[in-house]
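Let's take a friendly walk through a protein and see which side chains meet. Keep the viewer open as you read.

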Amino acid sequence: MSSVTTTEEWVLGPENTPFYTKRWFPTGEEPKACIIFVHGFAEHIARYDRFFTTLASPPSSLHITAFDQRGHGRTSQAPLTATSSEVVAWKKEGKTVKLEKNGKRRTGGWGKVFSDIEWFVKRESLKAKELGGKKLFLHGFSMGGGQVLAFPTRPRAPPSSETVKLLSGVISGGPLIRQTNPSPAIQVKAGTLVAGLGLGSFLIPTPMDYSHLTHDETIYKAVVDDPFCEQVGSLRGVADMLNGGASLDSPAGWDAWPEDLPLLLYHGGEDNICDLKATVRFGEKVKAKDKKVEIIDGMYHEVHNELEPVPTNLAKTISDWVHARIGETETQVFAGAQDCTSAGTAADEGAQTATGVGISKL
């Protein structure tokens, strides 16, 4: 019998939009904590199946929920139709359903992104209570990594301060704060201007070298053939992603962080997509009492998709960090580990202060 159970579900989310979701959790035992995950640009949650299976397996035993964001994955590129069983059932219950049409990469910008994330945080906080009052953590990667950093630092709702207080910590992997090779400033400004003139849904190419994702050729070659990973974006989505990330790289972004909200940042040391220096700078400057930056030397952007034992080591780093913040001891034996090492957690090294950050390398 598998030690991990996975479930898929369509949920009727914000603006009556159906969202595709998936859960990974330990079979036959209570999870130790809950995570709500936010994926990156031009991808989808199925790409995390292997990594989240590791995090959900004992002794980590985490309950992870993820959703394909608006404009991405099955939510917008393979959406439900009027004849889908879920839609028929919702309408029988008298619910309004807004079906997606031509939704690829049309995210609605950060104005909708944070409403969506807030909705899922609230939903998963209720699930965490059902599971025995487990603590809830917000985890994001790349574009999602930048979004989860922005989530508790927004100058106004969404989200509300009450929603942020539902979180016991934030985990941000390879966050898009700055690009390693930035787009020309004039292009970003022009895109922002055009989006503001009502053309925000216009799609533009966002080319990248897939081999910069990971050293694992089977992974990045699969992305080339994945229709959900086509490199295009809407003007509004791209402009908000880049401008919003840059806004984090400032005193306004650093100082807005709730001091008592723990933060774990991790980043590949050879990331050619999202700038490692911006992540380290955020970790050093952000106004958090408990914070840690983990640098995975020699690795590209998608650390969780690198060759083993890197993903297993990363899973242990995340697991140990979460466990330390729920009163659990470190995971001494980790399922599937190969030459598994860890740089430790903030709990091991002593609580971090608002003026310093533990920077470790794996």
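A salt bridge is a side-chain nitrogen of Lys or Arg within 4 Å of a carboxyl oxygen of Asp or Glu. Keep in mind that this model is predicted.

**Charged partners**

Where do the two partners lie? Lys 289 is in the loop between helix H11 (276-285) and strand S10 (291-296), while Asp 260 is in the loop between helix H10 (251-255) and strand S9 (263-268), so the bridge ties together parts that are 29 residues apart in sequence. Is Asp 260 buried or exposed? Asp 260 is exposed, because its relative accessible area of 63% is over the 50% cut-off. Lys 289 has a relative accessibility of 41% and counts as partly exposed.

The structure holds 22 salt bridges. Here are three of them, with the distance between the N and O atoms:

| Salt bridge | N to O distance |
|---|---|
| Glu 43 and Arg 47 | 2.7 Å |
| Glu 294 and Lys 292 | 3.5 Å |

Now look at the surroundings of the other two pairs in the table. Glu 43 is buried, with a relative accessible area of 3%, and Arg 47 is buried as well, at 14%. Both values count as buried because they are under 20%. Glu 294 and Lys 292 are both buried too. Salt bridges can also join up: Glu 9, Arg 23, Arg 123 and Glu 124 are linked in a network of them.

**Rings that meet**

Next come the aromatic side chains. A pair of aromatic rings is described by the distance of the centres and the angle of the planes. How many aromatic pairs does the structure hold? There are 14. In one of them, the ring centres of Phe 67 and Phe 120 are 3.9 Å apart and the planes are at 5°, so this pair is stacked. Phe 67 belongs to strand S4 (residues 62-67) and Phe 120 to helix H4 (residues 110-130), so the pair links distant parts of the chain, 53 residues apart. Phe 67 is buried, with a relative accessible area of 1%, and Phe 120 is buried at 0%.

Phe 120 also pairs with Trp 119: the centres are 4.9 Å apart and the planes are at 80°, so these rings are edge-to-face. Trp 119 is partly exposed, with a relative accessibility of 28%.

Elsewhere, ring pairs link Trp 24, Phe 37, Tyr 48, Phe 51 and Phe 52 into a cluster.

**Charges over rings**

A charge can meet a ring, too. The charged end of Arg 74 sits over the ring of Tyr 20, at 5.2 Å from the ring centre. Likewise, the charged end of Arg 105 sits over the ring of Phe 41, at 5.9 Å from the centre.

**A helix to check**

Finally, turn to helix H12 (residues 310-324). At 1.5 Å a residue, the 15 residues of H12 should span 21 Å, and the end C-alpha atoms are 21 Å apart, which agrees. How many residues of H12 are buried? The count is 14 of 15, so H12 is mostly covered.

How values were computed
Residues numbered from 1 in each chain as written. Predicted model: local features only at pLDDT ≥ 70, side-chain atom pairs only at ≥ 80, totals over all residues. Heavy atoms only, no water. Phe/Tyr/Trp six-rings, centres within 6.5 Å; stacked < 30°, edge-to-face > 60°. Helix = DSSP H or I, 4+ residues; strand = E, 2+ residues; numbered from the N terminus. Buried < 20%, exposed > 50% of the residue type's maximum accessible area, 1.4 Å probe, protein only. Lys NZ or Arg CZ within 6 Å of the ring centre and 35° of its normal. Expected span 1.5 Å × (residues − 1).
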